[in-house]
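Welcome, and please open your viewer so that we can walk through this model together. Have the selection tool ready.

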Amino acid sequence: MKQKIEKVIEKIEKSEKIDDEKKPLIIEKIKEWKEEENAIGELILKLENWWMDVEPFFAEIGLV
């Protein structure tokens, strides 16, 4: 996914159809979305790890 994002950024930088004034703004927004995606991925991983720890307790009381 990161490679695809980098390719998109490269294409934006080389594009003649996008105004030079708008390119930095578009690239900045893409980088913000990339950071949000990383944060979401980290949260999902932490929740999965948490569930692995507590799932046996829920199973023991019959909730799983």
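The tour below goes from the whole chain to single side chains.

**Before you start**

This is a predicted model, in which local features need pLDDT of at least 70 and side-chain atom pairs count only at pLDDT 80 or more, while totals for chains, interfaces and linings use all residues. Residues are numbered from 1 along each chain as its sequence is written, and side-chain values use heavy atoms, with hydrogens and water left out.

**Stop 1: the whole chain**

Show the protein as a cartoon.

Now turn the view along the principal axes: the C-alpha trace spans about 65 × 15 × 15 Å. The radius of gyration is 20 Å, whereas a compact globule of 64 residues would have one near 11 Å. That radius is taken over C-alpha atoms, and the globule rule is 2.2 Å times the number of residues to the power 0.38.

The accessible surface comes to about 6,000 Å², and 58% of it belongs to carbon and sulfur atoms. Such areas come from the Shrake-Rupley method with a 1.4 Å probe, and for residues only the protein chains shown count as cover. Of the 64 residues, 12% count as buried. Here buried means under 20% relative accessible area, exposed means over 50%, and partly exposed lies in between (1.4 Å probe, protein chains only).

**Stop 2**

Select Glu6 and Lys34. Their side chains meet in a salt bridge, with 3.1 Å from N to O. Glu6 lies in helix H1 (residues 2–14) and Lys34 in helix H2, so this pair ties together parts that are 28 residues apart in sequence. Glu6 is partly exposed, at 35% relative accessibility.

A salt bridge here is a side-chain nitrogen of Lys or Arg within 4 Å of a carboxyl oxygen of Asp or Glu. By this rule the count comes to three salt bridges. In general, side chains of opposite charge can pair when their charged atoms come close.

**Stop 3: Lys23**

Is Lys23 buried or exposed? At 9% relative accessibility, Lys23 counts as buried. Lys23 lies in helix H2 (residues 23–60). Leaving aside residues up to four places away in sequence, Lys23 touches Ile12, Glu13, Lys14, Ser15 and Ile18, where contact means heavy atoms within 4.5 Å.

Lys23 forms a salt bridge with Asp20, and the closest N and O atoms are 3.2 Å apart. Asp20 counts as exposed, at 62% relative accessibility.

**Stop 4: Lys29 and Glu32**

Which residue forms a salt bridge with Lys29? Select Glu32: the closest N and O atoms of the two residues are 3.3 Å apart. Being three residues apart in helix H2, Lys29 and Glu32 are separated by about one helical turn. Lys29 is partly exposed, with a relative accessible area of 38%, and Glu32 is partly exposed at 32%.

**Stop 5: the aromatic rings**

Finish with Trp50, Trp51 and Phe58, which ring pairs link into a cluster. A search of the whole structure finds two aromatic pairs. The rings of Trp50 and Trp51 have their centres 6.3 Å apart and their planes at 50°, so this pair is tilted. Rings of Phe, Tyr and Trp (its six-membered ring) pair if their centres lie within 6.5 Å; planes under 30 degrees apart count as stacked, over 60 as edge-to-face and the rest as tilted. Trp50 is partly exposed at 48% relative accessibility, and Trp51 is partly exposed at 35%.

Key: Helices (H or I, at least four residues) and strands (E, at least two) are DSSP runs, numbered from the N terminus.
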